[in-house]
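Please read the report below alongside the sequence and the model.

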Amino acid sequence: MSIIAAADTSIGSGRAITFGLFTLLVCITLGITVWARKQTKGAVDFYAGGRMFSGVQNGFALAGDYMSAASFLGIAGIIALSGYDGFLYSIGFLVAWLLALLLVELMRNVGRFTMADVLSYRMRNQPPVRTAAVASTVTVSVFYLLAQMVGAGALISLLLGIKPGQTFLGMSAGTAKVVTIIAVGVLMIFYVMFGGMKGTTWVQIVKAALLMFGASVMTVLVLSRFGFNISSMLGHAAKASGKGKAFLEPGLKYGQEVKGNPHETLINKLDFVSLAIALVLGTAGLPHIVTRFYTVPNAKAARTSVNWAIGLVGVFYLMTLALGFGATALVGRKAILAQDESGNTAAPQLARALGEHIAGRVGGDLLLAFIASVAFATILAVVAGLVLAASTSLAHDYFGQVLMLGRPKEQQEVAVARFASFLIGSLAIVLAVFAKNLNVAFLVALAFAMAASANLPSIVFSLFWRRFNTAGVVAGIYGGLISAVVLVIFSPVVSGKVDPVTGASLSLFPKGVDFHLFPLENPGLVSIPMGFLCAIIGTLISKEKADPDLYAELSVRSLTGAGAH
Amino acid sequence: MVGGSGPSPRGRATGYDRLRYVAIRQDERFVLLKVKFRRFVLPVVIVFLGWYFLYVMLSAFGRAFMDQRIAGNINVAFVFGVLQFVSTFVFARCFARYARSSLDPLAEAIRIDADRIVSEHVGPPEGRLLPRPRHAGAPAERERAEPPRHELSEPARRPAVEPSRARAVEPSRAPALEGPRNEPRSQPKNEPEPRRLTRYPETGGR
């Protein structure tokens with residue numbers, strides 16, 4: 001270690017503990033993976049964990065898949081910096097689960113491993129339906145994955161306390177970031193290739209339990225500092241934020257009001273509405289959530305697992321209120337901003353402050369190291385879940401059903417799934433290394449918008465609309481997916497957004513490049529109705545008649561569970 | 001092998017098995033189940049999405065309302081947000097309870113009774129009291145069959161069967177509609193998905 005880093009002893013000792021805990025976590029998860037490898041024999045094991053998880057276990061895994069680093073660190077960070085608006089975000093994330101709850105049994109009863117199983121069930125021509133579903137699954141997963149991986153690079157550097165100008169194990173901060181991205185990527189590929197759904201699910205369960213435990217400890221500690229008086233905590237946070245009363249009200253981040261510019265104000269507000277729609281409609285179409293519906297023995301267990309997930313996710317998001325506001329009140333907005341502009345380190349910083357208050361520097365280092373490892377576990381588990389969903393879809397739907405015409409050899413298909421996870425993982429690593437300095441926070445919201453626009457219309461129509469046919473599915477998926485992607489390309493996220501104060505570019509492209517045509521940052525408001533519309537139009541203009549007997553079969557199976565796998 | 005006991009072109013259900021589902025769909029208990037499901041789900045979706053969008057709209061456009069203080073530093077927005085959490089928990093709980101008390105028993109009864117329902121409508125399968133063999137259907141049998149309606153017509157014309165015969169079709173022996181809960185590991189499957197074949201008329205099986 002260099003002289004500079006060694007001189008900073010406070011970071012040094014904390015860093016050693018953090019690094020040690022990270023290593024311990026990696027060892028535990030690798031142990032799980034090796035164990036799961038021995039248990040994984042066929043497709044049902046690899047894709048669906050042998051369908052042997054209980055409702056409660058799968059509930060933890062679902063919650064673990066859902067509570068990404070973006071929601072743990074991200075939402076706490078948004079609350080810490082923008083106050084109430086972080087809460088708006090988490091509410092969308094939670095309410096969305098009700099839709100998943102109503103659909104979960106039907107999807108569990110009809111499908112085998114993937115969303116495409118449900119969509120193609122009663123279609124006369126399966127290959128195009130499968131292909132479309134694979135396209136949307138892989139696109140959504142890769143976007144989501146990219147966001148997580150780029151975030152992981154920055155985050156782990158921060159968690160280990162690597163600052164620009166310093167060195168870590170002889171690497172500069174920039175190199176350390178690349179190395180972290182690659183390390184996370186390699187671990188993720190290893191989990192999925194060897195552990196399959198069994199390994200990944202157990203990693204999720206461990207992570208969800210750690211996360212809930214860590215967040216509860218911190219919540220109790222925060223509240224105890226304010227005599228368990230929420231109003232007092234809010235008051236302190238508002239005061240420390242420097243924004244006063246506005247900190248506790250909606251509008252600091254989303255739907256900002258621009259004085260003297262009603263047009264701009266309206267666009268900001270519509271953008272917020274668009275985000276809200278995407279969040280609430282996206283969850284039920286997220287591939288890594290849907291594949292998890294099939295890891296339980298039956299629909300009842302699937303319902304139980306979603307109920308557990310709702311409970312866990314809900315309680316967790318309520319706790320992020322205490323973490324976020326607590327961070328503002330106890331750490332201060334300025335200190336959080338100084339560490340990371342997007343506020344991602346608010347929760348770890350709060351952990352250090354809380355620990356120091358109880359047991360001095362050692363306490364601070366310990367609690368910080370613990371929360372940092374929880375965040376690390378979160379990142380690893382979520383990326384693994386995403387890679388698994390994408391490779392399952394590629395192997396089962398594209399290789400097995402399209403290329404092999406529905407008659408693949410089981411071992412062959414599983415081998416393809418392992419190889420696909422290697423491919424997708426490597427692709428994500430390469431993309432993430434290139435995108436490492438871009439602000440990709442919008443990608444998560446975009447993934448939700450794409451899932452809602454491309455997948456939800458087809459899921460709903462194939463379950464409930466008798467006339468829905470092949471052309472409808474294909475048109476709905478591609479229509480929704482393409483409109484979401486195109487709208488984002490021509491949105492201020494990609495080009496033309498300039499900070500009014502500093503004049504710096506807030507878009508992906510540098511200042512001066514401006515080809516934005518669509519005013520909203522989140523495409524959901526337009527692309528979701530577009531997805532539904534394309535599905536309807538595709539169905540109506542196609543000459544193909546839906547098969548009434550297959551619809552009967554689908555309704556009977558979906559509602560009664562007869563013949564379910 | 002068209003419309004016979006071999007697997008249908010998509011390998012999911014033979015003509016007879018397809019009939020089973022059509023028969024069950026016409027059963028009054030299934031109709032009731034469907035009505036019960038929709039009667040609950042539709043209003044719930046409308047109410048919870050409406051309630052959520054009311055919150056979103058007020059957060060965006062009704063700020064004067066949301067900013068009112070209620071007690072100390074707690075304002076309407078905060079309470080409204082927490083209420084969204086509460087309502088989500090309540091809806092989830094209600095649905096779980098409703099499903100357990102009203103939907104599950106009905107679905108269970110239909111599954112168990114499937115064979116009686118089917119034999120009442122179309123008569124029992126001839127010589128097919130045992131489950132359809134998993135590997136039935138050589139590739140050559142996967143040719144595109146006639147449209148389903150044709151398949152339908154043949155067994156439908158079959159005369160209804162005398163009661164004694166119908167009773168013989170007990171759920172335990174009959175081709176249970178319930179699929180394998182846990183695919184047995186001991187039984188190696190070369191085709192993980194023998195019943196969900198893609199139909200490709202021109203492939204002639206490969």
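## Surroundings of A:L119

Apart from its neighbours within four places in sequence, A:L119 is in contact with A:V129, A:A133, A:S458, A:I459, A:S462, A:V473 and A:I477, where contact means heavy atoms within 4.5 Å. A:L119 belongs to helix α7 (residues 115-120) of chain A; helices here are DSSP runs of H or I with at least four residues, strands are E runs of at least two, and both are numbered from the N terminus. With a relative accessibility of 0%, A:L119 counts as buried, a class that means under 20% relative accessible area, whereas exposed means over 50% and partly exposed lies in between (1.4 Å probe, protein chains only). Between the C-alpha atoms of A:L119 and A:V192 the distance is 25 Å, and the two residues are 73 apart in sequence.

## Basis of the model

This is a predicted model, in which local features need pLDDT of at least 70 and side-chain atom pairs count only at pLDDT 80 or more, while totals for chains, interfaces and linings use all residues. Residues are numbered from 1 along each chain as its sequence is written, chains are lettered from A and ligands numbered from 1 in the order in which they are written, and side-chain values use heavy atoms, with hydrogens and water left out.

The pLDDT, the predictor's confidence in each residue from 0 to 100, averages 88 in chain A, where 96% of the residues score at least 70. Confidence in chain A is lowest in helix α1 (residues 3-7), at a mean of 38, and highest in helix α19 (residues 524-541), at 96. Over residues 1-10 of chain A the pLDDT is below 50, and this stretch has 9 contacts in the model beyond near neighbours in sequence.

## Nonpolar core

The largest nonpolar core has 217 residues, and those with the most contacts inside it are A:Y66, A:W97 and A:M149; such a core is a set of buried Ala, Val, Leu, Ile, Met, Phe, Trp, Tyr and Cys residues joined through side-chain atoms within 4.5 Å. Helix α15 (residues 346-403) of chain A supplies the largest share of this core, with 22 residues. Not counting residues up to four places away in sequence, A:Y66 touches several residues, among them A:F93, A:W97, A:L286, A:Y317 and A:F448.

## Aromatic pairs

Over all chains the structure holds 34 aromatic pairs, meaning rings of Phe, Tyr and Trp (its six-membered ring) whose centres lie within 6.5 Å, with planes under 30 degrees apart counted as stacked, over 60 as edge-to-face and the rest as tilted. A:Y89 and A:Y254 form a stacked pair, at 5.8 Å centre to centre and with 25° between the planes. Because A:Y89 lies in helix α6 (residues 85-110) of chain A and A:Y254 in the loop between α10 (230-241) and α11, this pair ties together parts that are 165 residues apart in sequence. Both A:Y89 and A:Y254 are buried.

In chain B, the rings of B:F40 and B:Y98 are also stacked, at 4.3 Å centre to centre and 10° between the planes. This pair links distant parts of the chain, with B:F40 in helix α2 (residues 28-61) and B:Y98 in helix α4 (residues 76-122), 58 residues apart. B:F40 is buried, at a relative accessible area of 16%.

The 21 residues of helix α11 (residues 262-282) of chain A should span 30 Å at 1.5 Å a residue, which agrees with the 30 Å between its end C-alpha atoms; the expected span is 1.5 Å times one less than the number of residues. Helix α11 of chain A is mostly covered, since 16 of its 21 residues are buried.

B:F61 is placed in helix α2 of chain B and is partly exposed, with a relative accessible area of 43%. Leaving aside neighbours within four places in sequence, B:F61 is in contact with A:L266, A:K269 and A:V273.

## Positive phi angles

Most residues other than glycine have a negative phi. A:F228, which is not a glycine, has a positive phi of about 55°; A:F228 lies in the loop between α9 (173-225) and α10 of chain A and is exposed, with a relative accessible area of 54%. The phi of A:L405 is also positive, near 55°, but A:L405, in the loop between α15 and α16 (410-434) of chain A, is buried, with a relative accessible area of 11%.

## Chain B as a whole

Chain B has 6 helices and 2 strands, which follow the pattern α-α-α-β-β-α-α-α along the sequence. Of its 206 residues, 47% count as buried.
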